[in-house]
Amino acid sequence: MAVRNLFHKVSVAPTTQHVRIERGGQVVAETDRALVLTETGLDDRLYIPIEDVRTDLMVATESHTTCPFKGVASYWAFADDEAGRDAAWAYPEPKEDVAGIRDHLSFYGEGVETYVDGVRR
């Protein structure tokens, strides 16, 4: 039986804001269909539909982590990053409470610039 933490909340909601992710001046993701994941104790995270991400610039890595509230995450790196550092993650089979993030990627803040409605975050 799974134990739920009544004090830990995770929610997913759509945003109407325009989100653009750039790396070295190159747009790697751009969407008007982002989701905002809000989780107790963490900063809000933007999740971008995978079809709005330049996946041709990225490769899947061997990294995986498990979150008791979201599920098992898979990671992506930029194809030209020789070190293969994880740059984004996805939950291919997210838990029911956050099912909306399926087929979405979220980017780390390091190494990319994130713009929301034209303003850098």
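Predicted model: local features only at pLDDT ≥ 70, side-chain atom pairs only at ≥ 80, totals over all residues.

Reader: In which sense do β4 and β5 pair, and over how many bridges?

Author: Strand β4 covers residues 35–39. β4 and β5 form a hairpin, with 5 residues between them. Their pairing is antiparallel, and the count is 3 bridges.

Reader: Which residue of β5 is the bridge partner of V36?

Author: β4 and β5 pair in the antiparallel sense. The bridge partner of V36 in β5 is L46.

Reader: Which residue in the turn of the β4 and β5 hairpin has a positive phi?

Author: The turn belongs to the hairpin of β4 and β5, which has 5 residues between the strands. A phi of about 80 degrees is found there, at G41.

Reader: Which residue of β9 is the bridge partner of P49?

Author: β5 also pairs with β9, in the antiparallel sense and over 2 bridges. The partner of P49 in β9 is H104.

**Two aspartates in loops**

Reader: What is the phi of D103, and where is D103 placed?

Author: Most residues other than glycine have a negative phi. D103 has a positive value. Its place is in the loop between β8 (88–90) and β9 (104–107), and its phi is near 65 degrees.

Reader: Is D117 buried, partly exposed or exposed?

Author: D117 lies in the loop between β10 (113–116) and β11 (119–120), and has a positive phi near 50 degrees. Its relative accessible area is 48%. Buried would need under 20% and exposed over 50%, so D117 is partly exposed.

**The chain as a whole**

Reader: How many helices and strands does the chain have?

Author: Read along the sequence, the pattern is β-β-β-β-β-β-β-β-β-β-β. The secondary structure comes to 0 helices and 11 strands.

Reader: What is the radius of gyration of the chain?

Author: The C-alpha trace spans about 45 × 35 × 25 Å along its principal axes. A compact globule of 121 residues would have a radius of gyration near 14 Å, and the chain agrees with this, at 14 Å.

Reader: How far apart are the mean positions of the positive and negative charges?

Author: The chain has 13 positive and 21 negative charges. The distance between their mean positions is 4 Å.

Reader: What percentage of the residues count as buried?

Author: The accessible surface comes to about 7,400 Å², of which 51% belongs to carbon and sulfur atoms. Of the 121 residues, the share that counts as buried is 42%.

Terms used:
Residues numbered from 1 in each chain as written. Heavy atoms only, no water. Helix = DSSP H or I, 4+ residues; strand = E, 2+ residues; numbered from the N terminus. Rg over C-alpha atoms; globule rule 2.2 N^0.38 Å. Buried < 20%, exposed > 50% of the residue type's maximum accessible area, 1.4 Å probe, protein only. Areas by Shrake-Rupley, 256 points an atom, 1.4 Å probe, with all protein chains shown as cover. Lys, Arg positive; Asp, Glu negative; His and termini not counted. Charge placed at Lys NZ, Arg CZ, Asp CG, Glu CD. Pairing = 2+ DSSP bridges.
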